[in-house]
Each structure stands twice: as C-alpha cells, then as structure tokens.
Amino acid sequence: ALLRDLYEMHGKVPLSFELFPPHSADGRNAMLETVERLSPMASRGFSVTMGAGGTTRSGTFDAATDAATQSGRPVMAHLTALGLSRDEALETADRFWEGGIRRILALRGDRPRGVSGPLPPGFAHASDLVAALRQQHDFDIAVAAYPEKHPEADTMDEDIVHLREKLDAGANSAFCQFVLDPAAYGRFLEDCARHGIDAPIVPGVMPLEGWPRLKRFAQSNCTKVPDWLDRLFARTEETPELEPYLAATATVEQARRLIAYGAPGLHIYTMNRWPLPLALAEIMGQG
Ligand code: FAD
C-alpha cells in the first residue's frame with residue numbers, strides 16, 4: 001500500500017479542516033480568512049474545537065455558524081462534556097441544532113484548567129454523551145480516537161473497546177489525535193478492524209510548523225516524536241530559511257503515508273492559519 005504516491009492521490013483526497021474559536025476581533029478575521037481560503041478544498045467541511053469543560057461554548061457556537069455561513073460547507077462542532085451538567089451539555093447541543101449545526105464531535109473532554117474540586121455530575125464517558133445526543137436530535141455524531149492510546153487507558157485493547165462502545169452508542173465515524181509517525185495510524189487501523197470496527201477512522205494531520213512548540217505539545221499528549229523529524233528541524237536553528245520548506249515537505253509526506261496506510265480522508269489541524277493547509281490541499285485535496 002505504501003507504493004501509493006502523490007500522482008495517484010492528486011485531486012482525490014477528501015479533506016476537513018479544524019478551527020478554534022477566536023478570542024479577539026483580529027482572531028476572528030484570521031479564522032474567517034482561513035475559512036475563505038480553504039472552503040474550495042474542504043469537501044468534508046470544517047470543525048470547531050471547544051475549550052476543556054465546555055468553556056468557549058458560545059465562542060464555539062459563533063465560530064461554527066460563522067464558518068458555515070462563510071463556506072457553505074458542513075461544520076462539525078466539538079462538544080466537551082466534563083465540567084458541564086447533563087442539562088448544560090444537552091442545552092448546548094440544542095443550541096447547535098437550532099443554529100443549523102448537524103454534526104457533533106462528542107467528547108468527554110478534560111477537567112478545565114485551574115478548576116479544582118468536584119465537578120457537576122454529568123456525562124462520565126463520551127459514550128454516555130453519544131447515547132444522549134442520539135436520543136435528542138438526528139445529529140451526525142463523531143468521536144475521538146487515539147492511535148497511540150489515550151493517556152488514561154491501561155492498554156490499547158481496552159481503549160479500542162471503549163472506542164467501539166462510542167460507535168455502538170450511535171457515532172458514525174472517529175477522528176484521531178494527531179500522530180507524528182504514520183505507521184502508528186496504520187497499526188491502529190488494523191487493531192480496530194480486529195475489534196470489528198468498520199466506521200471511517202480519519203487521521204489528524206498537524207502542519208509541522210514551529211517545531212519546538214509542536215514537539216512539546218506532542219510530548220504532553222504522549223505522541224511519539226520520531227528522531228528523524230527532530231534531526232530535520234534541528235537544521236533550521238542554524239538555517240532558519242529552510243523552515244517553511246522543510247515543514248511543508250515533511251507535512252505532505254506525513255499526509256501521503258497516512259493515505260497509503262488506508263486513511264479514508266484527512267482532518268487537518270489549521271490553528272486558524274491557511275497557507276500550509278492550502279498547499280497540502282492543492283497537492284492532494286478533492287475540490
Ligand atoms: P472517552 O472516550 O470518554 O475516553 C476517555 C478515557 O476513558 C479513555 O482512556 C477511555 O479508554 C476511557 N473510557 C471510555 N469509556 C469508558 C468506560 N465506559 N469505562 C471506563 N473507562 C472508559 N478536547 C477539548 O477540550 N476540546 C476539543 O475541542 C477537543 N477536540 C478533540 C478532537 C480530537 C479529534 C481528539 C482526538 C481529541 C480532542 N480533545 C479535545 C481531547 C479530549 O477531550 C481528551 O483526549 C479527553 O481526555 C478524552 O475525551 P474522549 O471523548 O476521548 O473521552
């Protein structure tokens with residue numbers, strides 16, 4: 001499968017793009033410009049993140065409806081439940097539905113930063129949220145998947161059993177935490193197939209820009225950092241002019257390998273910036 005190359009992929013790969021809710025007027029302009037630039041290539045639409053513990057609920061709603069209006073593409077809103085009561089989580093989903101949002105990425109989420117003490121009793125696992133959303137509206141529901149295992153899970157098998165529960169509860173697809181070693185995604189797809197999972201499992205692609213920060217972020221997520229990437233980006237310390245070229249080439253190669261391993265599409269983390277995501281989209285994205 002690894003022989004599949006860019007010539008074969010050109011113009012064919014379904015893409016979606018992840019945005020985050022902006023914090024300022026300038027941030028909103030940057031997000032809207034990103035949506036405008038990427039819309040023609042966003043055959044699978046956009047998604048908008050939500051802060052841990054449901055923080056940025058309104059910001060997520062505003063950004064999701066802005067992105068839908070601006071692009072005319074479907075938009076998936078992330079919904080993080082931990083920290084919200086069941087009613088608060090479902091009211092948020094109601095608001096999304098009434099605003100025309102039909103896709104939700106249902107997440108348990110993490111404890112909001114800086115908040116200690118007991119949280120309101122709510123949805124303990126993403127699978128509980130999926131089941132409640134399924135009862136509520138006819139949403140297209142997606143869930144999160146972890147090719148290198150969720151940090152809290154003891155074993156990969158246990159984590160995949162929980163992924164399967166989320167899908168059985170009514171989710172139609174899964175989106176992955178990003179990997180820096182595409183082979184990890186390939187192995188994960190095989191493990192999921194062994195567990196009888198046949199829903200599409202879409203890998204995340206992180207543009208490999210700003211390596212020192214990205215490397216720290218990867219390490220904090222327990223994402224394995226390949227030595228060759230570390231050595232590659234070490235070169236940019238003495239020759240910064242190389243950075244954009246190395247970043248773009250390495251990102252396209254990661255994306256190519258993910259498709260070669262069997263990815264049904266790619267979900268690109270834009271960080272509300274468009275140039276590298278658009279370059280990748282021009283090379284392999286479906287218009
Ligand atoms: P769950 O699926 O509930 O799993 C969490 C842990 O509990 C796992 O270890 C799982 O194995 C275990 N588990 C699940 N069910 C059970 C059960 N029944 N019994 C015992 N254990 C169980 N975070 C944000 O704050 N905002 C975002 O917008 C956001 N977007 C994301 C997008 C993607 C594509 C991904 C992959 C992650 C995203 N996250 C986001 C991070 C996510 O919120 C965290 O990883 C969180 O810790 C887990 O959420 P989950 O929905 O995967 O939880």
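Visitor: Let's start with Ala 63: which helix is its place in?

Guide: First, this is a predicted model, where local features need pLDDT of at least 70, side-chain atom pairs count only at pLDDT 80 or more, and totals for chains, interfaces and linings use all residues. Residues are numbered from 1 along each chain as its sequence is written. Helices (H or I, at least four residues) and strands (E, at least two) are DSSP runs, numbered from the N terminus. Ala 63 has its place in residues 57-71, which is helix H3.

Visitor: Does Ala 63 count as buried or exposed?

Guide: The rule goes by other C-beta atoms within 10 Å, with C-beta atoms placed from the backbone: 20 or more is buried, 12 or fewer is exposed, and in between is partly exposed. Ala 63 has 27 C-beta neighbours inside 10 Å, so Ala 63 counts as buried.

Visitor: Which residues does Ala 63 touch, leaving out those up to four places away in sequence?

Guide: Two residues are in contact if their C-beta atoms, placed from the backbone, lie within 7 Å. With residues up to four places away not counted, Ala 63 touches Leu 19, Pro 21, Pro 22, Met 31 and Val 48.

Visitor: Met 31 is one of the buried residues of H2. How are the buried residues of H2 arranged around its axis?

Guide: Those residues are Met 31, Thr 34, Val 35 and Leu 38. The arc here is that of the directions from the helix axis to the C-beta atoms. For the buried residues of H2 that arc is within 100°, so they line one face of the helix.

Visitor: And which residues of H2 are exposed on the other side?

Guide: The buried residues pack against E1, E2, H3 and helix H11 (275-284). Over on the other side of H2, the exposed ones are Ala 25, Asp 26 and Asn 29.

Visitor: What is the order of the strands in the open sheet?

Guide: The open sheet has 9 strands, with parallel pairing, in the order E7-E6-E5-E4-E3-E2-E1-E9-E8. E7 and strand E8 (204-205) each have a single partner strand, so one side of each has no neighbour in the sheet.

Visitor: What handedness does the unit of E3, helix H4 and E4 have?

Guide: Strand E3 (residues 75-80) and E4 run parallel, joined by 5 bridges, and Met 76 has Arg 103 as its bridge partner in E4. A crossover is right-handed if, with the strands pointing away from the viewer, the path from the first strand over the helix to the second runs clockwise. The β-α-β unit of E3, helix H4 (residues 86-98) and E4 is right-handed.

Visitor: On to H7: what covers its buried residues?

Guide: Pro 182, Tyr 185, Gly 186, Phe 188, Leu 189 and Cys 192 are the buried residues of H7. They span an arc of only 160° around the axis, which puts them on the same side of H7. Their cover includes helix H6 (156-168), strand E6 (173-176), strand E7 (201-202) and helix H10 (243-260).

Visitor: Last one: which loop holds Thr 56?

Guide: Most residues other than glycine have a negative phi. Thr 56 is not a glycine, yet has a positive phi of about 70°. Thr 56 is also buried, with 21 other C-beta atoms within 10 Å. The loop that holds Thr 56 is the one between E2 and H3.

Key. Two strands pair if DSSP finds at least two bridges between them.
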